[in-house]
Amino acid sequence: MQMMVREALNSALDEEMSADPTVFLMGEEVGEYQGAYKVTKGLLQKYGPERVVDTPITEAGFTGLGVGAAYYGLKPVIEFMTFNFAMQGVDHIINSAAKTNYMSSGNINVPIVFRGPNGPAAGVGAQHSQCYASWYGAIPGLKVVSPYSSEDARGLLKAAIRDPDPVVFLENELLYGESFPVSKQVLDSDFTIPIGKAKIEKEGNDVSIVSFSRMVGFSLKAAEILAKDGIDAEVINLRSIRPLDRSTVNASVRKTNRLVTVEEGFPQHGVGAEICASVVSDSFGYLDAPVERIAGADVPMPYAANLEIIALPQVDDIVRAAKRACYRSVPLSATR
Amino acid sequence: MAQLTRRSAKLLEPISAAVSATRHLTTSSTSPITVETSLPFTGHKIDPPSRSVETTPQELLTFFRDMALMRRMEIAADSLYKAKLIRGFCHLYDGQEAVSVGMEAAITKKDCIITAYRDHCIFLGRGGTLFETFAELMGRKDGCSKGKGGSMHFYKKDSGFYGGHGIVGAQVPLGIGLSFAQKYNKDENVTFAMYGDGAANQGQLFEALNMAALWDLPSILVCENNHYGMGTAEWRSAKSPSYFKRGDYAPGLKVDGMDALAVKQACKFAKEHALKNGPIILEMDTYRYHGHSMSDPGSTYRTRDEISGVRQERDPIERIRKLIISHDLATEKELKDTEKEVRKEVDEAIAKAKESPLPDASELFTNVHVKGFGVEAFGADRKELRAVLP
């Protein structure tokens, strides 16, 4: 059976709200508008306005309100229309939510989920295209996940809602309409995916390509192209940014000896930088080539269609980097 | 007149636990007394409550004891800070005690309170102990947050105290969220979200108030106006320092925050209002004797005459002392004895707290999550110090 990511998210929300009366949704246009991206479609009709709450455009206010409700013991799912707008409420995500269980030494936990589209869409410009995975991924006390497929979306969202800690759930607008096959197990109402575990989407022996969210799809396409050139890539879908599944990544690199990281976010201090550091620290002797990092360009997102293409990773970029990792065909500039 | 020593404070559950068990009630101590508040209330879009407050000898004596305890605790914290046993931030509440005790007299532990960083006395009012307070301030493992929070991060969820917050203004939307949850659960209780005159200008406060009013949440916003946001006087930071009116569409009440009975009356009134009609703002006109924190002498932006003037004219403990004496509920000596007892309690708690050890090094990695899934966390040298989060 095929399921769109949007439906996967909707069904996960529906099932969790049905099973647990303390779960409620809050955000802009989640109710009567049926969700800005239709992820919450039908839920207002089913659960009523007390549980599907349309908010004014006041992120600092409703992010804090959601965290306060979580302090009291409810299980809020706060939607940000995009994570760009979450910056208005980021103090509450970090200081009010992430750190509270620690500061209170376990007296107050915060079972909240912050979800919404993250990263670039198509032609939406600089203020609407940033990827926040590495920012949130740095924060102790937060769990940060980013699904790729419908199976990921269902399993991770259910796990996030059931989790007693704050979870940042990074979706992708361009994935909402994509369909993926889902098994009967995935459709089960108790289906969850463990937070903190990566998935090997395709096994391989020659080079490890590690990414998350939409870039997993690009990495799989790159792997097909590489296969034609005799390069057998292993594609890893991180699923979780924090905790980061270092052991799966390191085990893969110890097998393939070569690593390419792929992300849409800015390169400096990004997710790929952390993966590289982890591998260099724990599996140095196994690397046969420098770690290759593919990331969004180091510029605010331009609008013009041609510039947007070269501002973001494309399949060709991943293929090229993997080939470099395999043949070391580009000389090391520092030695010249 | 019955002796103070025969009044049992046990039934009142005063803050201090070390009350002598030999005291017992006389029938007169719960008989009602009516007292006029020092000043009338001023209302904004609401008819203010009456100035006549019902109280009892028991209540007044409890107010005295509790406020004396809070006062003594804060002054002792000042000494501990100067002795470098308390580090970092320490924001003291002496002068503002009436707000905490008056509020507690009007509500239950099922109502919630959330405040900012000037939280030691609020914590005590909610049932925290002196020992846990001093141990936390000194970063010891018997502190209320096991030494991991510090002065600004006291919590007591089982008595409805939600902290203890360091980011100015953040506690207001959090408090509105608590009241959202109370309404969601149909609890018939309210939340008091406390903030200062400095925080009163924060945008998130107005965002939260808007939602509270839209959704009729049982929220009471309490502005503890001590007239200075750190070193900035209210006239320099607010175009309109009438904080009780700043809610615009939300009603407000201006209250003499140095009068515990006025505070009690206002909080009782506000609770009834909020349960039926949604949010209300209470502006408590109060004063802090100390500077903003222990790093601030508090005299560069206000005169010593102003400080001593308030102490002379409006001190909350002196007000209750005069009331008690004028109503013949206790003698001067008995009240002085109470103050001596309270001092002794504080000293004993400090001595005990000093003996509490610092937390074990392994506590660095505890409570990061409720469920850590066995992931690794790292110390400064990740090859030297790692832990598994349970």
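Begin with B:Asp248, in the loop between α7 (234–237) and β9 (252–256) of chain B; helices (H or I, at least four residues) and strands (E, at least two) are DSSP runs, numbered from the N terminus. This is a predicted model, in which local features need pLDDT of at least 70 and side-chain atom pairs count only at pLDDT 80 or more, whereas totals for chains, interfaces and linings use all residues. Residues are numbered from 1 along each chain as its sequence is written, chains are lettered from A and ligands numbered from 1 in the order in which they are written, and side-chain values use heavy atoms, with hydrogens and water left out.

Although B:Asp248 is not a glycine, its phi is positive, at about 60 degrees. Its relative accessibility is 46%, so B:Asp248 counts as partly exposed (buried is under 20% relative accessible area, exposed over 50%, and partly exposed in between, with a 1.4 Å probe and protein chains only).

Next, select B:Asp328, in the loop between α10 (316–326) and α11 (332–355) of chain B. B:Asp328, likewise not a glycine, has a positive phi of about 60 degrees. With a relative accessible area of 52%, B:Asp328 is exposed.

**Two cis peptide bonds**

Move to B:Gly164, in the loop between α4 (130–137) and α5 of chain B. The peptide bond that reaches B:Gly164 from B:Gly163 is cis, with omega near 20 degrees.

In chain A, select A:Pro243, in the loop between β12 (240–242) and α10 (246–256). A:Arg242 and A:Pro243 are joined by a cis peptide bond whose omega is about 0 degrees.

**A helix pair in chain B**

Return to chain B and display α5 (residues 171–184) with α6 (residues 203–214): they pack at an angle of about 15 degrees, their axes 8 Å apart. The two helices are therefore roughly parallel to each other (angles under 35 degrees count as roughly parallel, over 145 as roughly antiparallel, 65 to 115 as roughly perpendicular and the rest as oblique).

Which residues of α5(B) and α6(B) meet? From α5(B) come B:Val172, B:Pro173 and B:Ile176, and from α6(B) come B:Gln204, B:Leu205, B:Ala208 and B:Ala212.

**Annotated spans**

Finally, colour residues 65–361 of chain B, listed by UniProt as "domain: Dehydrogenase E1 component" in an unreviewed entry. This span of chain B is 46% helix and 10% strand, and its end C-alpha atoms are 39 Å apart.

Terms used
Axes fitted to C-alpha atoms, helices over the stretch in contact; angles between N-to-C directions. Contact = heavy atoms within 4.5 Å. UniProt positions renumbered as here; feature names shortened; annotations may be inferred.
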